[in-house]
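Good morning, colleagues. Please look at the structure on the screen while I take you through its sheet, some of its helices and a few single residues.

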Amino acid sequence: MKRLLPTSTAGSLPKPSWLAQPETLWSPWKLPDDTLFEGKQDALRLCLGDQLQAGIDIVSDGEQTRQHFVTTFIEHLSGVDFEKRETVRIRNRYDASVPTVVDAVSRQKPVFVEDAKFLRQQTTQPIKWALPGPMTMIDTLYDSHYKSREKLAWEFAKILNEEAKELEAAGVDIIQFDEPAFNVFFDEVNDWGIAALERAVEGLKCETAVHICYGYGIKANTDWKKTLGSEWRQYEEIFPKLQTSAIDIISLECQNSRVPMELIELIRGKKVMVGAIDVATHAIETPEEVAATLRKALQFVDADKLYPSTNCGMTPLPRRVAQGKLHALSAGAEILRRELLG
Ligand SMILES: [Zn+2]
């Protein structure tokens, strides 16, 4: 990335109201099957336009073609029975009815590759594509086949690697794996979680990122955050191993979070997507607030490795708010860019 402080978003952006219910997570599609494909492409174009207009440097599809950041990917795989459901605890936080792994999992055909090709045709800006991480995938399922979290994660890592290689060939510049589960299961992350992630990126020549956040601004997450005390030191458990991993970029939640910024020192040498936009509030940051967060992060990450971003996805926010936050992110990064370039 030649541009200093290239901006991006962590993931999802709001969908238009004709495609899915606004301000709702995992909202079902409103269009019938025969017009849904075209509708998703139109939404992707609008979402890209919003990012370009706001001056975002590394753009994405805003996850316009998926309902859920994990489930939509899994729906395309074989070996998982969506009719057979069990209630499990997601990231030790809330109960959810999830599908069951009933047989060996495999990818029969590409999942997002056509969508990525479509995005690539629309812009010459660098593009980033998000996939779920292996550990977060297993945490959203009931497994009656492998009966081993590690084994299932490893199988998903191999599948993700197949998909990632095709996304790279489609022209994706950065492939990001969403691993909120890395903030919860520290022992497993260090034992095999990071190794599984490295299996997912094996042989890739494009850049790779891992997004580790404290979740969308939904009640289960904000309630959980209240139990974490005055300092959130979760990242400290996994950063030493991530620092030596094959992943190029680490995407973190920093705006209005209680993560001590100095923890970023533990991944010195990595590129860091610093979340400078809070996704759990409708209040739009001022450019100066964004700049202040980035300035603080600059003490612990070299300027050429600092990537201003959002804490997490913005799909549950009103479009007007998300758009305002994109502009604030751009303007805040520009303040700092001017300071750095004198
Ligand atoms: Zn997130």
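Strand β3 (residues 128-132) and strand β5 (residues 174-178) run parallel and are joined by five bridges. Within this pairing, L131 has F177 of β5 as its bridge partner. Before I continue, please note that this is a predicted model, in which local features need pLDDT of at least 70 and side-chain atom pairs count only at pLDDT 80 or more, while totals for chains, interfaces and linings use all residues. Residues are numbered from 1 along each chain as its sequence is written. Helices (H or I, at least four residues) and strands (E, at least two) are DSSP runs, numbered from the N terminus.

Strand β3 is mostly covered, with five of its five residues buried. Here a residue is called buried if 20 or more other C-beta atoms lie within 10 Å of its own, exposed if 12 or fewer, and partly exposed in between, with C-beta atoms placed from the backbone. K128, A130 and P132 point one way from β3, whereas W129 and L131 point the other way.

Let me widen the view to the sheet. In which order do the six strands of the open sheet stand? The order is β3-β5-β6-β7-β8-β9, and the pairing is parallel. Two strands are said to pair if DSSP finds at least two bridges between them. The edges are held by β3 and β9 (306-309), each of which has a single partner strand, so one side of each is left without a neighbour in the sheet. On average, neighbouring strands of this sheet are turned by 25° against each other, direction ignored.

M273 stands opposite Y307 in β9. Helix α9 packs on the sheet and touches β8 and β9; the direction of α9 makes about 145° with that of β8. For such angles, axes are lines fitted to C-alpha atoms, for helices over the stretch in contact, and the angles run from 0 to 180 degrees between N-to-C directions.

I turn now to helix pairs. Two packed helices are described by the angle between their axes and the distance between the axes. How do α9 and α10 pack? Helix α9 (residues 287-297) and helix α10 (residues 319-341) have axes 7 Å apart and pack at an angle of about 55°. The two helices are therefore oblique to each other; angles under 35 degrees count as roughly parallel, over 145 as roughly antiparallel, 65 to 115 as roughly perpendicular and the rest as oblique. On the α9 side the contact is made by P287, E288, V290, A291, L294 and R295, and on the α10 side by A328, L329, A331, G332, A333, I335 and L336. Residues are in contact if their C-beta atoms, placed from the backbone, lie within 7 Å.

The second pair is α1 (33-54) and helix α3 (residues 113-122). Their axes come within 11 Å and cross at roughly 45°, which makes α1 oblique to α3. The contact involves Q41, L44, R45 and L48 of α1, together with F118, L119 and Q122 of α3.

Helix α1 also contains G49. G49 is partly exposed, with 13 other C-beta atoms within 10 Å. The C-alpha atoms of G49 and T123 are separated by 9.6 Å, although these residues are 74 apart along the chain.

Next comes helix α8 (residues 234-243), whose buried residues are Y235, I238 and L242. These residues cover an arc of only 90° around the axis, which puts them on the same side of α8; the arc is that of the directions from the helix axis to the C-beta atoms. Among the elements that cover them are α6 (186-200) and β7 (249-253).

E23, in the segment before α1, has a positive phi of about 55° although it is not a glycine. Is E23 buried or partly exposed? With 14 C-beta neighbours inside 10 Å, E23 counts as partly exposed. E63 lies in the loop between α1 and α2 (71-75), and its phi is also positive, near 55°, in a residue other than glycine. E63 is buried, with 25 other C-beta atoms within 10 Å.

Conventions. Contact = placed C-beta atoms within 7 Å.
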